[in-house]
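I ask you to look at the model on the screen before we go through some of its parts together.

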Amino acid sequence: MEAAAADTKPLLGRFVVRGQATMIYAEPNAGKTLIVLNLCLDAIARRVIDPDNVYYINADDSSQGVATKLRLMQDAGAHVLVPGYGPFKTHHLAEMLDQAVAQRTALGTLVIIDTYKKFTDLMDKRRTSVLNQVCRQYVMAGGTVVALGHTAKNPNADGTPRYQGGTDVLEDFDAVYVGRPIIPKAGADERVVKFTRIKCRADSPEDVAYAYATTRGIGYDEKVASVQAVDPDDYAAYATYNGQVGEGEIMAALMRLIRSDGAVGKMELARAVAKECAVSQRVGLDVLNRYTGTVPREHLWTFETGAHGRRTYRLIDQAKPSP
């Protein structure tokens with residue numbers, strides 16, 4: 001049991017702990033998925049977790065949403081499972097978790113279940129308890145489970161969001177957080193979501209908050225890249241791009257990075273240029289996307305897709321004639 005036990009250290013941000021089952025509730029379209037995916041990609045980039053040990057299970061999306069998240073996660077080297085695509089079905093989840101426990105392959109892995117209600121009836125105590133216990137055995141074997149769920153339409157008496165279903169998840173999971181969007185300032189193009197702890201077994205923070213861009217017309221990957229941690233005591237204190245770094249400087253930094261060995265992975269490259277130029281990942285990703293293509297003098301770099309959809313960028317020979 002000591003060999004299988006995972007260290008109780010933060011894995012995703014400050015509030016998802018390794019070796020535990022964490023449920024995150026928020027209203028539909030609040031941004032819980034893109035925040036969790038950003039934290040997951042960040043953990044991979046910082047080598048907190050091996051991408052080959054990450055399994056994102058998307059059971060709550062349109063075909064376009066599935067394709068977008070598939071490209072995003074596969075670019076980082078993570079695994080994506082979608083019920084109905086290939087042999088994977090919703091009833092296979094419990095079987096796969098059980099199998100990993102039996103074969104002792106759960107240790108060090110992360111499973112993100114989006115959303116939990118697609119795999120059980122939250123109003124059925126018996127069915128929910130069965131899946132909860134499977135997740136419990138999985139984390140006992142050293143794995144980490146993050147489940148996403150929706151809040152109910154009717155809030156609690158004090159106006160706070162109320163989670164869907166009975167108390168089974170609250171009783172069986174190690175940590176439970178409920179997210180609530182914060183009303184932004186007039187004219188703001190970011191949204192802030194505050195997650196409040198209603199249960200924990202480790203030294204998890206009582207509140208965490210994250211902001212992400214909501215500018216009209218930006219893509220999902222740009223929204224994911226824009227996620228930033230926010231001080232819960234000061235929702236206006238998060239950093240934004242101040243325009244002091246010019247686009248030319250960002251372009252030059254990207255060209256240097258692409259010439260080096262670090263030109264693998266779209267989000268990894270955006271993260272690297274953001275760090276080098278002291279801008280947000282969203283700004284770095286915007287410049288990267290804008291000059292990606294195959295036409296000389298219009299585009300600066302292109303990419304090749306390798307195993308698991310992972311991109312490798314290379315510079316375009318600007319001396320070649322345009323097609």
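Let me begin with one side chain. The side chain of Ser-226 reaches the backbone nitrogen of Ala-213, at 2.8 Å. Please keep in mind that this is a predicted model. Where does Ser-226 lie in the chain? Ser-226 is found in the loop between helix H6 and strand S11, which covers residues 228-230. Is Ser-226 buried or exposed? Ser-226 has a relative accessibility of 5%, and therefore it counts as buried. Leaving aside residues up to four places away in sequence, Ser-226 touches Ala-211, Tyr-212, Ala-213 and Arg-282.

Ala-213 leads us to strand S10, residues 207-213. Seven of the seven residues of S10 are buried, so the strand is largely enclosed by the rest of the structure. As a general point, side chains in a regular strand alternate between the two faces of the sheet. In S10, Asp-207, Ala-209, Ala-211 and Ala-213 point one way, while Val-208, Tyr-210 and Tyr-212 point the other way, and all are buried.

Which strands pair with S10? Strand S9, residues 190-199, pairs with S10 in the antiparallel sense over seven bridges. Within that pairing, Ala-213 of S10 is the bridge partner of Glu-190. S11 also pairs with S10 in the antiparallel sense, over three bridges. There, Val-230 in S11 stands opposite Ala-209.

I now turn to strand S3, residues 21-26. Six of its six residues are buried, and the strand is mostly covered. On one side are Ala-21, Met-23 and Tyr-25, on the other are Thr-22, Ile-24 and Ala-26, and all of these are buried. In which sense do S3 and strand S7 pair? S3 pairs with S7, residues 144-150, in the parallel sense over six bridges. In S7, Leu-148 stands opposite Ile-24. Strand S8, residues 175-182, runs parallel to S3 and is joined to it by four bridges. Val-178 in S8 is the bridge partner of Tyr-25.

How much space lies in the largest pocket? The largest pocket holds about 490 Å³ of space. It is lined by 24 residues, of which Asn-29, Thr-33, Asp-61, Lys-69 and Tyr-220 are the closest to its centre. Helix H1 (32-45), strand S4 (54-58), helix H2 (63-75) and helix H6 (220-225) each supply at least two residues of that lining. The largest share, four residues, comes from H2. By class, the pocket lining has seven nonpolar, 11 polar and six charged residues.

Finally, let us step back to the whole chain. The chain has nine helices and 13 strands. Of its 323 residues, 48% count as buried. Among contacts in the chain with a separation of 6 or more, 63% are between residues 24 or more positions apart.

To close, I return to the opening contact: the side chain of Ser-226 reaches Ala-213 at its backbone nitrogen, and Ala-213 is one of the buried residues of S10. Thank you for your attention.

Conventions. Residues are numbered from 1 along each chain as its sequence is written. This is a predicted model: local features need pLDDT of at least 70, side-chain atom pairs count only at pLDDT 80 or more; totals for chains, interfaces and linings use all residues. Side-chain values use heavy atoms; hydrogens and water are left out. Buried means under 20% relative accessible area, exposed over 50%, partly exposed in between (1.4 Å probe, protein chains only). Two strands pair if DSSP finds at least two bridges between them. On a 1 Å grid over the protein atoms alone, a cavity is a set of points where a 1.4 Å probe fits but cannot get out, and a pocket is an open set with protein on both sides within 12 Å along at least five of seven lines; lining residues have an atom within 4 Å of a point. Grid points are joined across faces, edges and corners, and a volume is the space filled by probe spheres set on the points. Ala, Val, Leu, Ile, Met, Phe, Trp, Tyr, Cys and Pro count as nonpolar, Asp, Glu, Lys and Arg as charged, and the others, Gly among them, as polar. A polar contact is a pair of N or O atoms within 3.5 Å; within protein, one must be able to donate a hydrogen and the other to accept it, and residues adjacent in sequence count only if both atoms are side-chain atoms. Contact means heavy atoms within 4.5 Å.
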